[in-house]
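Welcome, and please open the structure in your viewer.

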Amino acid sequence: MVDNTLPFLTQGYAWLPDLSRRKGPGPVRTRLLGKPAIALRGPAAVAFFYDENHVRRRTALPEPVLSTLFGKGAVHTLDGPEHRRRKALFVSLLKDASGVAMLARLVAEEWERSSKEWTGRPQVTLFDEVSVLITRAVCAWAGVPLGDRPDDEARRTARDLVAMVDGFATAGPRHWQARRARRRQEKRLARLVEEIRSAGGDAPADSDRPASAVQAVAAHRDADGELLDPHTAAVEILNVIRPTAAITWYAVFGAHALHRNPGLRERLATDSEGYARAFAHELRRFYPFAPFVAGLAPDDVQWRGEAIPEGTLVLLDLYGQNHDPELWHDPYMFDPDRFLGREPGRDELVPQGGGEAAEGHRCPGEDITLAVLSTLLPRLARLQYQVPEQDLRIPLSRMPTGPRSGFVISEVH
Ligand code: MYR
C-alpha cells in the first residue's frame, strides 16, 4: 500500500473523508508516516480507541508534531499510571469550576478593554486581536508574567502560541516558525520554573490561596515522586496556555458563522436558554480544527472482526465523525439548535477527542473552551461592525484552517 503522508499534508481535512468515500463503508486502511494505518470513527470506535489495551501514545506522535505542537515529554506521550498521574495535574487546573469561571471573567475584561480600542481603528483583524486578548487573560490566570511592557509581550507570546498550533502539519516555513516559537517559549518558561523553585514557590500551596497553574506545574511530582525537569515543566505550562489561545480559531469561526447566518445574531446576543453554549458546541462540530488523533496498537487487536496488527497506527477520525450523516442530521448545515437543551453524548461530539478526560487522552480543556466561547460569542454578536470585502474562504487543504483573511471587521462600535 502506498504511503499517504504526502496526500494527507496536501489535502488536509479532505484527505480522510475522500479516502473513506472511495473505499466504502467500514474502517479505512492506509499507510501514514511509513506505518500501516487504520482509521475508525463513531461512538463505539471512540470507546475502543481510548482503551489502552487497544491504543497507546508513547512513540506514536512524530517528532515534527512534538517539536511544534505538544512538546517533547508532554502528557500526550505518556500511557498508564504515568499518564494518569500527570493528567491529574491538568484536570485539577483546567476542570475546576471556579478556576474556569475566573478565566472566563478575565477573558470578558480583556474583551471589553480591546473592543473599546477597536472603535478608533479603520480595520481590525479579529484573529490577531482575539489571540492577544485570550493570551493576556490566560497568562494572568496561569501566573505567566508579561514583563515591564505587557502589551508588547502579550503580542509576542500570542504570536508564538499561535505559531506552534499553526505549524504542526506542514513542512513549509510555518513549521520552522513553530519550532522557533516553541524553543523561545520553552526557554523562557523553564527559566521561570527555576526562579519559582529557587524562591521556594514549589512548596504545596496553602488551602486559602490555590496555586497558579505555573506554581502547580513547578510543584508537581510525577508517578516516580520526582519534580519535572525545567524543560518538561515548561512544556506542560505551554500545554495549559497554548490550547487556550487556540480557542481563537473557534472564536473566528464564530464570526464567520454569524456572517453566513445573520438570523442567528439576535439569539446569540441575548444568549437565552443556553444558546451561546449550543452555538459553541455547533462551532466545534461544524468547523474543521483537529483532523484526527492517533496512537499505536500495542498488540494484535481486533475491531469488529478487523485485525489490527501490533504497531499499526490507529487514527480516530474526529472531523469525519463530527460530519457523519449516520450521527448528524444534515451534517453540513450549521444549526446550533441541535444542541439546544441537551449536552452531546460523551463519545458523540468529539472535536477535542472522546472518552474521559481524567482517565484517557480526551482534552481536559473542553470546559474552558466552552466557557471562553460562551463569554466571547454573545459579546461578538452585540458588537456592531461591518465586514468589508475580503477572502473568507476556509481552505480544507490547510491545517489548521480558518477564513483566509483572519476575519477583518471595520466601523466597529
Ligand atoms: C493545542 O494547542 O493543543 C490545540 C490544538 C490541537 C490540534 C490537535 C491536532 C491533533 C493532531 C494529531 C496528529 C497526529 C499525527 C499522526
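In this tour, a helix is a DSSP run of H or I with at least four residues, and helices are numbered from the N terminus. Keep in mind that you are looking at a predicted model.

**First stop: a residue in a helix**

Select residues 173-198, which form helix α9, and pick out E186 within it. Is E186 buried or exposed? Its relative accessibility is 11%, and because buried means under 20%, E186 counts as buried. Now show what surrounds it: beyond its neighbours within four places in sequence, E186 touches G71, H231, A234, V235 and L238, all of them in contact with it.

**Second stop: the ligand**

Next, select the ligand and display the residues around it: L33, L69, F70, V165, F168, R242, P243, F289, A290, F292 and A294. On its own the ligand has 490 Å² of accessible area, and the protein covers 89% of that. The shell consists of 10 nonpolar residues and one charged residue, with no polar ones. Then zoom in on R242, where a polar side-chain atom lies 2.6 Å from an oxygen atom of the ligand.

**Last stop: the nonpolar cores**

Select F279 and L376, the residues with the most contacts inside the largest nonpolar core, which has 113 residues. Helix α7 (residues 126-142) gives this core its largest share, 11 residues. Around L376, leaving aside neighbours within four places in sequence, look for contacts with V107, W111, V130, L133, I134 and A251. Finally, find another core that lies apart, with 16 residues including I38, L40, Y50 and L318.

Conventions: Residues are numbered from 1 along each chain as its sequence is written. This is a predicted model: local features need pLDDT of at least 70, side-chain atom pairs count only at pLDDT 80 or more; totals for chains, interfaces and linings use all residues. Side-chain values use heavy atoms; hydrogens and water are left out. A residue is near a molecule or strand if one of its heavy atoms lies within 4 Å of it. A polar contact is a pair of N or O atoms within 3.5 Å; within protein, one must be able to donate a hydrogen and the other to accept it, and residues adjacent in sequence count only if both atoms are side-chain atoms. Accessible areas come from the Shrake-Rupley method with a 1.4 Å probe; for residues, only the protein chains shown count as cover. Ala, Val, Leu, Ile, Met, Phe, Trp, Tyr, Cys and Pro count as nonpolar, Asp, Glu, Lys and Arg as charged, and the others, Gly among them, as polar. A nonpolar core is a set of buried Ala, Val, Leu, Ile, Met, Phe, Trp, Tyr and Cys residues joined through side-chain atoms within 4.5 Å. Buried means under 20% relative accessible area, exposed over 50%, partly exposed in between (1.4 Å probe, protein chains only). Helices (H or I, at least four residues) and strands (E, at least two) are DSSP runs, numbered from the N terminus. Contact means heavy atoms within 4.5 Å.
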